[in-house]
Amino acid sequence: MCDCVFCKIVSGEIPCMKVCEDERTLAFMDIAKDVDGHIVVIPKKHCKNILDCETDLLSALAQTVRRVSLHLTSDCGYEGVNLLNASGECAGQSVPHFHIHVIPRKSGDGIDAWPEFEGAKEDIQTVYERVRM
């Protein structure tokens, strides 16, 4: 996909600060400058979001996310991580290439990475009947 910014990063057309890379995935620094250590992990093969990511590629991506998270907590002085993903425009996905944000955390860092929800509008039993598999 020639207009995809992440595909351009994978191809080397746009430079990035690579944290780690393997044959199927790439992890690089997010340039938003919003949180120290913010890393984005992507599959090298273009897929729009988790809904169209092949199972084996999703597994490879999860392994890279884990590897990056372990590195941050074992080697870089962080105590935990938040993993963030938005799949679909209605969910807030701004780059149409599947990616997971890894946000390194320390106690008392002041980061509020959990959204505030207004509260459920439907009866939980009704929703359960609709979503159970």
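1. Five bridges join strand β2 to strand β3, and the two run antiparallel; strands here are DSSP runs of E with at least two residues, helices are runs of H or I with at least four residues, and both are numbered from the N terminus, while two strands pair if DSSP finds at least two bridges between them. Within this pairing, A27 stands opposite V41 in β3.

2. This is a predicted model, in which local features need pLDDT of at least 70 and side-chain atom pairs count only at pLDDT 80 or more, whereas totals for chains, interfaces and linings use all residues. Residues are numbered from 1 along each chain as its sequence is written, and side-chain values use heavy atoms, with hydrogens and water left out.

3. On its other pairing, β2 (residues 25–29) meets β1 (residues 18–21) in the antiparallel sense over three bridges, forming a hairpin with three residues between the strands, and C20 stands opposite A27 in β2. Four of the five residues of β2 are buried, that is, under 20% relative accessible area, with exposed being over 50% and partly exposed in between (1.4 Å probe, protein chains only).
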